[in-house]
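Hi,

Here is the structure I said I would pass on. Have a look at it first, and then read my notes below.

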Amino acid sequence: MPLVTQANVRLELPGSLELVDPPAQVQLTCPGGRYSLDLRPAGANAWILERQVEIDVFDLPASDFAGFREFCRAVDEAERARLRFQAQ
């Protein structure tokens, strides 16, 4: 059974703020894991953020380790994305 971490968040901004350059959707897969991050509009000044991480195995063959390490690095990079807001 995979280890799954999921978050679903609704962001409602005051009328005086707008989201600038929202991050692109991210979909990553590797042997033993999957990751997705999606931020989409949900009406006037509202956004839905959905994030999910699934890890299938904790005993990875040595031949899959480099790919899993790269997957983890890419997930870390996606998680560091910052949301930028500016006054309207």
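The lining of the largest pocket is made up of Pro-23, Ala-24, Tyr-35, Leu-37, Asp-38, Leu-39, Leu-49, Arg-51, Ala-78, Glu-79, Ala-81 and Leu-83. Bear in mind that this is a predicted model. The pocket's volume comes out at about 160 Å³. By residue type, the lining splits into nine nonpolar and three charged residues, with no polar ones. Strand 4 (33–41), strand 5 and helix 1 (62–79) each put at least two residues into that lining, and strand 4 gives the most, with four.

Arg-51 sits in strand 5 and is one of the residues lining the largest pocket. The side chain of Arg-51 makes a polar contact of 2.8 Å with the side chain of Glu-79, and Glu-79 is in the pocket lining too. Setting aside neighbours within four places in sequence, Arg-51 is also in contact with Thr-5, Gln-6, Ala-7, Tyr-35, Ser-36 and Leu-37.

Is Glu-54 buried or exposed? Glu-54 counts as buried, because its relative accessibility is 18% and the cut-off for buried is under 20%. The side chain of Glu-54 has a polar contact of 2.5 Å with the side chain of Gln-52. Apart from residues up to four places away in sequence, Glu-54 touches Leu-3, Val-4, Gly-32, Gly-33 and Arg-34.

Last, a couple of backbone angles to check. Most residues other than glycine have a negative phi. Asp-21, though not a glycine, has a positive phi, near 45°. Asp-21 lies in the loop between strand 2 (17–20) and strand 3 (26–30), and it counts as exposed because its relative accessibility is 60%. Asn-45 also has a positive phi, of about 55°, and is not a glycine either. Asn-45 belongs to the loop between strand 4 and strand 5. At 25% relative accessibility, Asn-45 counts as partly exposed.

That's what I have for now.

Cheers

Methods: Residues numbered from 1 in each chain as written. Predicted model: local features only at pLDDT ≥ 70, side-chain atom pairs only at ≥ 80, totals over all residues. Heavy atoms only, no water. Buried < 20%, exposed > 50% of the residue type's maximum accessible area, 1.4 Å probe, protein only. Polar contact = N/O pair within 3.5 Å; in protein donor to acceptor, adjacent residues only side chain to side chain. Contact = heavy atoms within 4.5 Å. 1 Å grid on protein atoms, 1.4 Å probe; cavity = no way out; pocket = protein on both sides within 12 Å on 5 of 7 lines; lining within 4 Å. Points joined across faces, edges and corners; volume = space filled by probe spheres on them. Nonpolar A, V, L, I, M, F, W, Y, C, P; charged D, E, K, R; others polar.
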